[in-house]
Amino acid sequence: MTHAMLKGSNVPLQATTVRAVLRWTPGQGVPDVDASALLLGPDDRVRSDEDFVFYNQPRHPSGQVWRLGKKRVAEGLTDTIQTDLSGVGASVGRILLVASADGASFDRVTSLRILLYDATAADAQPLAYFDVKPETGQETALICGELYRRGEGWKFRALGEGYSNGLKGLATDFGISVDESEGSDGPMSAPRPETPPHTPVQPSPPAAAPPPPSAAPTVGPEEPTTVQPLLEVSRPLPPEQPAGVPAQPAYGYPQQPPAAQPAYGYPQPAGRPAYGYPQPPAAAGATGAQSGYGYPPPVSGVPDPDFRLPPQGPQFIGR
């Protein structure tokens, strides 16, 4: 039968070996949780620093209390402390079961629960469980419950008492010596195994200051100076014509007559008479001279013996 416990309630234990399991739900912004135990003597204080079982000292020298470590389950993450109650020394009257958050407060830890199991039982049903709720939310360490003697047996009590100064403050309150000076051999002086040591960031060296304006610049080898001519803005020139091609006259101006061919309507040279004008007489003895079109050929001094008049038509007969 599983007992759902309230703060301050207790339940007797028949088991000789019990396993106290801390369970919580991980998520974004949720700190890591560690389980630890303190074995208290008759004066409700530890007998020595060896009575503190935590991540840097996971097993008590007696071998009766030890930390099993963290495990992922379907409901979230767990961290476990196991105790063999039958072998615990008679001087130990109470064993505190503690939860501590890594550098954060418990208001960011969701669904924190402590479950108590019989470590020798085959079934997985817990003997009791207690939902741990911080009172202010600013606690960084919580006493979730305690195993304490009652007569010849043991009981479990649900507590939920918080500390705002973390696991070190809680341990100091119960007699653990915490010496953080250099060379200390105390159990709290070593860092958590899960947390890598912090490496300080070395500041970067300052940048070199620029030379003052009055400083003379460094003179290197003289380089040839290239003078860029000034560009003159002008209208674009017409494309050049090839050599030997006469320039074309502008449109609308009178044309110059070429030497080989006279312009139309002007007098023709002597070598070729113009069309429709009388032909000049050929020189004496010259042959092959062409007469103008429609004019009688020039008359020579000797009649042509072969000259015949053309036949006359009927319109001239009988007149």
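## Strand pairing around strand 11

Two strands pair if DSSP finds at least two bridges between them. In this predicted model, strand 11 spans residues 141–150. Strand 8, residues 94–101, pairs with strand 11 in the antiparallel sense, over seven bridges. Within that pairing, E146 of strand 11 is the bridge partner of L96.

Strand 12 covers residues 153–163 and is joined to strand 11 by nine bridges. These two strands also run antiparallel. L142 stands opposite G162 of strand 12. The hairpin of strand 11 and strand 12 has two residues between the strands. There, G151 takes a positive phi, near 70°.

## Burial of strand 11

Is strand 11 largely enclosed, or open? Buried means under 20% relative accessible area. Eight of the 10 residues of strand 11 are buried, so the strand is largely enclosed by the rest of the structure.

S36 lies in strand 4, residues 33–40. Its relative accessible area is 2%, so S36 counts as buried.

Which residues does S36 contact, leaving aside neighbours within four places in sequence? They are F52, V53, F54, I81, L96, L97, V98 and L167. One of these contacts, L96, is the residue whose bridge partner in strand 11 is E146. Another, L167, belongs to helix 1 and is buried.

## The cavity

The structure holds one cavity of 30 Å³ or more. About 50 Å³ of space lies in the largest cavity. Its lining is made by A20, L22, A35, S36, I81, L97, V98 and I114. Strand 3 (17–25), strand 4 and strand 8 are the elements that give two or more residues to this lining.

By residue class, the lining of the largest cavity has seven nonpolar residues, one polar and no charged. S36 is among the lining residues, and S36 also contacts I81, L97 and V98, which are in the lining too.

## Helix 1

Helix 1 runs over residues 166–173. Its buried residues include G166, L167, G169, L170 and A171. What covers the buried residues of helix 1? The cover includes strand 4, strand 5 (52–53), strand 8, strand 11 and strand 12. Strand 4 is the strand that holds S36, and L167 is among the contacts of S36.

After helix 1 comes G175. The phi of G175 is positive, near 100°.

Conventions: Residues are numbered from 1 along each chain as its sequence is written. This is a predicted model: local features need pLDDT of at least 70, side-chain atom pairs count only at pLDDT 80 or more; totals for chains, interfaces and linings use all residues. Side-chain values use heavy atoms; hydrogens and water are left out. Helices (H or I, at least four residues) and strands (E, at least two) are DSSP runs, numbered from the N terminus. Buried means under 20% relative accessible area, exposed over 50%, partly exposed in between (1.4 Å probe, protein chains only). Contact means heavy atoms within 4.5 Å. On a 1 Å grid over the protein atoms alone, a cavity is a set of points where a 1.4 Å probe fits but cannot get out, and a pocket is an open set with protein on both sides within 12 Å along at least five of seven lines; lining residues have an atom within 4 Å of a point. Grid points are joined across faces, edges and corners, and a volume is the space filled by probe spheres set on the points. Ala, Val, Leu, Ile, Met, Phe, Trp, Tyr, Cys and Pro count as nonpolar, Asp, Glu, Lys and Arg as charged, and the others, Gly among them, as polar.
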